[in-house]
Amino acid sequence: MATSTPASGLGGPQSGPAGPTKESPDDRKGARPRRPWSTLLHRFDIKAAPYAFVAPFFVVFGAFSLYPLLYTAWISLHDVELATMDIMEWEGFGNYSQLWQDDRFWNALANTFTIGVISTVPQLLMALGLAHLLNYKLKGSAFFRVAALTPYATSIGAAALVFTMLFERDFGMINWFLSLFGVDNVDWESSKWPAQFAISSIVIWRWTGYNALLYLAAMQAIPQERYEAAAIDGASRWQQFTKVTVPGIRSTIVFTIVLSTIGATQLFGEPLIFGQGPNGVSGGADNQYQTLGLLLYEEGWKNYEMGRAATVAWAMFLLLILAFVLQRVVKRVKSRTS
Amino acid sequence: MTTDTARPRADVPEPLADTVAPAGRRIRLSLRPRAGQQRKAGPVAYALLALAALLSLFPLYWTMVAASTDNTRVSQTPPPFLPGPNLLKNLSAAWEDAAMGTALVNSLIVAMTIALSTVLFATLAGFAFAKLRFRGRNILLMLVIGTMMVPPQLSVVPLFMMMTELGWGQKLPAVIFPTLVSAVGVFFMRQYLLEALPDELIEAGRVDGAHSLRIFWSVVLPVARPAMAVVFMITFVHAWNDFFWPFIVLDMTNPTIPVALTQLSAGYVRDQSLIMAGALLGTLPLLAMFVVFGKQIVGGIMQGAVKG
C-alpha cells in the first residue's frame, strides 16, 4: 500500500476514475522525475516480489532437505557414533566397502526389491482395473470412490497393526478363511515369502485406491472420439481398453510407477510394525523381511553408527538413480529397435 | 461383456469397416453399442466394485469389531464379525495406557501447522511461478519439480544431528520444520493458478496501484481458495500419517499418533483388543474428515492427476 499513497497524492484529478496509476500514460510522460521514489518502489516491488514469494519454499527446502542430502554424503565418509555426534573420523570409502561386503546389505536390498515388486505390480494392475470400473456410468459413484480412497487415510501404524492380526497364525481371520478351503495354517510372520506377501498386502491395500483415482482422472480426459474411432475400426471392448485407454493414460502410468518405485525403496513402517516383537526393528527373526529403510535405522539407532546409516541412505539414493538411468537406457534401446 | 463385444465384429467384418465410405460408417456407428467411456455399469461391474469397496473398508470395520470385544474373544476361531460391548471401555483404556491422548493433541498440532504453512507458502510460490515474471523462473521451477523425486530418508542422519544440536530432539518443532513446505503443493498451486487466474485481474490490480503482496491478498487468494482447500486436506492427511522421521526423532513421552501406535505393537500392551482400540483412536479423526470431505479429497486428487 505504501507505494500507492504518494501516487494518489501527486496523480491528482487527471488520473480520474481509473484511480492513482503508476503505469498510466500521463505518469510516464512528465511525472516521473517528480516522484522517483514511488516508481523506484514500484520497480523494486515488481523485481523483488517474485523472489520473496518463492523464497520460503527454497529456504526451508535448502535448510532441511538439500543441505542434509549433501551432508549425508559427507557423513557417509566418516565414522560417527550416535553418542558423540560431533566427533567425525575420516574413513574415506571404508563404510562403502564394508557395506559392499555386508550380507545384511544384500539381504535387505533383495528384500526391498522383492517386496517392491510384489507390492507394486499387483497394486498398479488392480488400480487400472478399478479405475476402469469406476469409469462406468455408476449409481453411487461417489461412495465407491471415497470407499476406494479410505485406506489411504489410514495411518501406516494402524493398518500394519490390523493386518498383523488378520494374518495371525493361530486365530487370524485370513488363516481361518483359508481353512474353510482346507488350507493348513500359514505362518505369515516367520516364513520368508508369506511374510513378504503379507507386508506387500498392506502396501497394496493402502495405495490401490489412490492410484485408481489418478488413472480414473486421466481416463476421463481421453476424448470420446478415440473410442468411437476404435469402435468403427471394429475394436472389441478389450482392444479398446488396451489400444485406447492404456495409451491414453500412459503418462499417468509412468507417474505412478515412478512414485511407487520411490515409495518401495523407502519401505519402512509396514515391515517395522508387522509382527514386531519387543525387540523392535529387526525385520523378522532372520531379517527375512528387513528392508533398506530398516537397515538404515538399525545401523544408526540400534548400532549407534551414524556414518554407516548415512552410507545406507546414500546407497539407496544411488540405487534409485541407477534404476532411472537403466529405465532410460532400456527405453532408448526399445525405441531404436522398434 | 462377451456378447457385447462379439456383436459388432459379427455384422461388420473388420477389413470392410476400414474401406467403407465415411457416410456408411456413420450409419453403422448407430448400430454399434456406444464406445468406451460412459457405458452404464452392468451387474458384473457393480459386483466387482462392491467387492473392492468391501476389501477397502473391511479392515477398518474389523478394527472396530476387535476393539469392541475382549482379548479372549479376539483370539478365538472363527474370529468375531459383529461388534461386542466393550468399545468405550477399550478406547478409554487405550487412551490412558498408550499415551494416545498426548499423541492425538500432538498430531493435531503437527498436522495443522504443516498443512497451514504448506498452503500459504505453496500459494505464494505457485502464484509467482504461474503469473509473475522473473529471471531464473524456469530453472527454479525445474528445481521444485526435481525435489519431488528426492526420498526424505536421505536426509534423516544430518537432520537428526541438526535437531539434537538445536535442542529439538523429542520435540514437535523437529517434526514440523522440515515439512513446512511441499514441492507437490507448489506445483499443484502453480498449475491451478495458471488456468484459474486471469492475467487481466492482476493487471487491473496493478493499474489500481496495488503492490504485489496486496494483489496476492485481494486478487489471488479468493481465486485460489478451492485449490488451497485441496492442498490443505491432502497435506493434513500426509502429515498426520507421516512415520519415518517422527519415529526417529520423537519418543514415547511425546509421540504423534503413528509413533504411539508402534508402542502398541512392541509388546508393551498385551491385550489384542486394546491394541485395536488404539489403532482405531489413531484413525478416527481422519476417518471423520473423510466422511465429511471425502468427495472434495477425491476431487482434489483427481484434479492434481490431470494437471500433474
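Which residues in helix 7 of chain B meet helix 11 of chain B? The first legend gives the answer; the model shown in every view is predicted.

**View 1. Helix 7 and helix 11 of chain B in contact.** From helix 7 of chain B come Thr118(B), Ala122(B), Thr123(B), Ala125(B), Gly126(B), Phe127(B), Phe129(B), Ala130(B) and Lys131(B), and they meet Gly185(B), Val186(B), Met189(B), Arg190(B), Leu193(B) and Leu194(B) of helix 11 of chain B. By class, this contact has nine nonpolar, four polar and two charged residues.

**View 2. The crossing of helix 7 and helix 11 of chain B.** Two packed helices are described by the angle between their axes and the distance between the axes. Here helix 7 (residues 100-131) and helix 11 (residues 183-196) of chain B pack at an angle of about 50°, and their axes are 7 Å apart. Helix 7 of chain B is therefore oblique to helix 11 of chain B. The crossing of these helices is right-handed.

**View 3. Domain 2 and domain 3 of chain B.** The domain assignment of chain B places domain 2 at 45-86 and domain 3 at 94-307, with domain 1 at 2-31. Between the C-alpha centres of domain 2 and domain 3 of chain B the distance is 31 Å. In the contact, 10 residues of domain 2 of chain B touch seven residues of domain 3 of chain B. On the domain 2 side, the elements that give two or more residues are helix 4 (43-67) and helix 5 (71-74) of chain B. Helix 4 of chain B gives the most to that side, with four residues. The residues of that side divide into four nonpolar, five polar and one charged.

**View 4. The contact of chain B with chain A.** Chain B brings 102 residues to the contact and chain A brings 103 residues. Helix 16 (residues 272-307) of chain B gives the most to the chain B side, with 16 residues. That side of chain B comprises 65 nonpolar, 25 polar and 12 charged residues.

**View 5. Tyr304(A), a residue with positive phi.** Most residues other than glycine have a negative phi. Phi of Tyr304(A) is near 60°. Tyr304(A) sits in the loop between helix 14 (292-302) and helix 15 (306-337) of chain A. Tyr304(A) counts as partly exposed because it has 15 C-beta neighbours inside 10 Å.

**View 6. Gln170(B), a residue with positive phi.** Gln170(B) is not a glycine, although its phi is about 65°. The loop between helix 9 (156-166) and helix 10 (172-176) of chain B holds Gln170(B). With 15 C-beta neighbours inside 10 Å, Gln170(B) counts as partly exposed.

Key:
Residues numbered from 1 in each chain as written. Chains lettered and ligands numbered in written order. Predicted model: local features only at pLDDT ≥ 70, side-chain atom pairs only at ≥ 80, totals over all residues. Domains from an automatic or database assignment. Contact = placed C-beta atoms within 7 Å. Nonpolar A, V, L, I, M, F, W, Y, C, P; charged D, E, K, R; others polar. Axes fitted to C-alpha atoms, helices over the stretch in contact; angles between N-to-C directions. Parallel < 35°, antiparallel > 145°, perpendicular 65-115°, else oblique. Left-handed = near helix turned anticlockwise from the far one by under 90°. Buried ≥ 20, exposed ≤ 12 C-beta atoms within 10 Å, placed from the backbone.
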